[in-house]
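Student: Could you walk me through this one, strand by strand, with the cut-offs spelled out as we go?
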Amino acid sequence: MRYLPYQVSESILCERLQHSSPVPARWDRRGQFVGSPQGVSTSRATDLRTSSAIALLLVFSFLLFQSNILHAQFKTIQGSLGGQYENQNYNFIGTTSSYDRYRQLANVGITGYLYNPNVAEFNLQTRFINTNSTISNVGNTSKERNTYLNYYDFSADLLRSTRYPLSVSLKRDVSTIDVSGEFVPSFSNKILTNGHGFRFSPSLKGGSLNLSFNYDGTKSESLNPLIPLNQFNRTMQLGMDMSVSKKTNIGMELIQRDRQDYISQKNYRTREVQFRGFTQPDDSNHVSVSANFLNESQIDMLNSNMLWNSQMAGDMNNQVAGQFRWSKNFAFTTYEGQVRDQLDIGFSPEWRGLFILSHSEGRMKGFGVVTPLRTTTASAGVTHLKELERYQLNFSSHATYNRFQSHSSYQTLEGIASGAIRTKGFSLGQVSLAEQVTVRRWLSVFPQTLLQNSVSTTIESNAIPFVFLHTATSYLLTKDLTDRPFRLNEKNLAFLADATYRWSNGIVVMLTLHYGVNRTWSENFGRSVQNYGVSLQLPNILDNLNLQGRVAKTFDRLLRTHEFTYDADITYSWRAIAVTARWVGYSFYSMRRNDVYITLSRPFRFDLE
């Protein structure tokens with residue numbers, strides 16, 4: 001729902017209109033501003049002239065196409081017609097409120113070409129969306145209507161098979177809104193949007209040098225002076241991509257975005273420079289660099305990356321003995337700077353090491369106070385992967401140190417150790433088991449140590465005929481090891497089971513069950529929350545009919561509350577008509593909510609070739 005941002009008296013509004021608009025304002029008997037008769041007629045005349053010009057252009061082009069004067073052809077006429085209905089109903093302690101929305105949609109487009117598709121190919125579309133909403137709350141009713149009309153969205157590709165392809169686009173939109181209600185201020189507004197753009201992408205020197213120039217402009221204007229809007233947005237982009245040699249390539253893009261606000265008489269500009277390049281001196285080394293500079297109002301940002309990939313010498317069987325990967329990142333803004341190094345070493349096909357070092361410094365301004373910030377992070381880890389005939393083993397360990405400095409400072413230490421085993425090649429299915437232990441310690445004025453232990457299992461089996469079974473179980477324990485009076489611990493258990501049954505006649509039934517429990521406790525406090533759920537899917541139970549349903553429940557033992565959620569979906573297609581219906585129900589305490597969604601669509605397509 002939209003409301004007036006402020007109230008304006010009649011004298012002030014007339015004075016504003018005399019300075020900003022050459023046509024006088026008009027008021028109805030209720031004192032509502034409805035615009036000037038000249039302005040309305042001018043806008044309607046402009047829309048009528050534009051629509052008439054497009055219609056005459058289509059008729060004239062069709063006559064020329066049929067007479068083969070231009071050797072042109074319409075290819076397809078396609079689009080869609082549809083409607084949507086949405087209803088939301090709330091009931092809380094005997095109080096009922098509802099929300100209804102109806103939406104009509106239409107989309108029509110035509111494609112064709114002049115002479116042949118490689119010379120000039122065009123696409124012309126028009127769209128219409130009308131939405132009516134009604135909100136009823138405690139006996140009060142308000143209505144809102146939104147209309148979106150895309151008069152035309154035209155694009156053409158010229159000479160696309162040559163070295164000098166050119167694309168042009170034109171667009172015109174109009175959006176209107178009308179709001180009325182018993183206790184809601186009534187108002188209306190119309191927003192006009194015109195857009196244009198073109199793209200030129202020449203290819204020079206046999207394709208080794210590619211240039212591109214893009215331009216897009218959009219003008220938006222509001223016809224209601226109570227909701228001021230008069231802006232022009234423009235984007236210009238110049239790009240270059242050049243192949244210096246077969247193994248070296250560089251590219252650059254210059255982007256400028258402008259937004260002119262004619263009401264506040266302010267201009268906003270953003271400039272961006274992007275650079276990228278890579279080289280491959282030999283088959284074992286690859287170096288790439290990239291940089292991005294962004295300039296906005298009072299903010300400058302620079303981000304650059306460099307990556308070096310190298311493969312170590314192999315053995316007699318051409319198996320790579322190891323890999324080397326090093327990346328460096330520089331990130332600077334007006335208030336902060338950061339440098340980050342990452343080194344990834346593959347000592348062998350089974351052993352890998354990862355090392356990261358990062359440091360950043362900056363300042364934060366607020367309420368006239370400048371706060372210095374400094375962060376340092378260092379981490380190291382190793383991973384071992386072992387492949388056996390029937391099993392796969394994976395072990396890893398990782399350690400991280402982080403230090404934060406400002407007016408106050410703290411340090412964190414973190415250590416992670418994990419292991420996993422997975423079976424493979426068994427006829428009955430596969431089983432995987434993983435465990436991870438994490439220890440995290442904060443060194444500050446109030447030190448804290450946390451221990452986390454997680455265990456997860458996954459089973460996939462097709463031992464039962466026509467049935468594929470998938471189960472996943474996870475357990476997470478978080479324990480506070482700090483020596484203090486109040487220590488909060490947490491335990492999570494989750495179980496999920498999916499079963500897919502396929503009958504010989506092609507019918508498929510998909511059943512999902514899940515159970516979860518979250519328990520939080522301390523020395524003198526305890527809380528447990530359980531959730532259950534079941535869902536059923538019947539894809540293509542009949543021809544082009546899909547059914548799906550879900551029921552979920554959450555129970556809080558401490559508060560003795562029950563929360564239910566229901567969900568049902570139906571999708572049906574008959575010839576070219578598609579119907580989708582969905583119902584969602586929710587209940588908690590004395591609150592009830594029901595949502596209904598219905599969508600009807602009918603696409604169409606006519607081939608004229």
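Student: Where does leucine 238 lie?

Tutor: Leucine 238 belongs to strand S9, residues 230-245, where strands are DSSP runs of E with at least two residues, numbered from the N terminus. This is a predicted model, in which local features need pLDDT of at least 70, side-chain atom pairs count only at pLDDT 80 or more, and totals for chains, interfaces and linings use all residues. Residues are numbered from 1 along each chain as its sequence is written, and side-chain values use heavy atoms, with hydrogens and water left out.

Student: Why does leucine 238 count as partly exposed?

Tutor: Because its relative accessibility is 43%, and partly exposed covers what lies between buried (under 20% relative accessible area) and exposed (over 50%), using a 1.4 Å probe and protein chains only.

Student: New topic: how do S10 and S11 pair?

Tutor: S10 (residues 248-261) and S11 (residues 266-282) are antiparallel and share 14 bridges; pairing requires that DSSP find at least two bridges between two strands. Within this pair, glycine 251 sits opposite arginine 276 of S11.

Student: And what is in the turn of that hairpin?

Tutor: The hairpin of S10 and S11 has 4 residues between the strands, and glutamine 265 in the turn has a positive phi of about 55°.

Student: How many bridges join S11 to S12?

Tutor: There are 10, and S12 (residues 285-296) runs antiparallel to S11, with threonine 279 opposite valine 287 in S12. These two strands also form a hairpin, with 2 residues between them.
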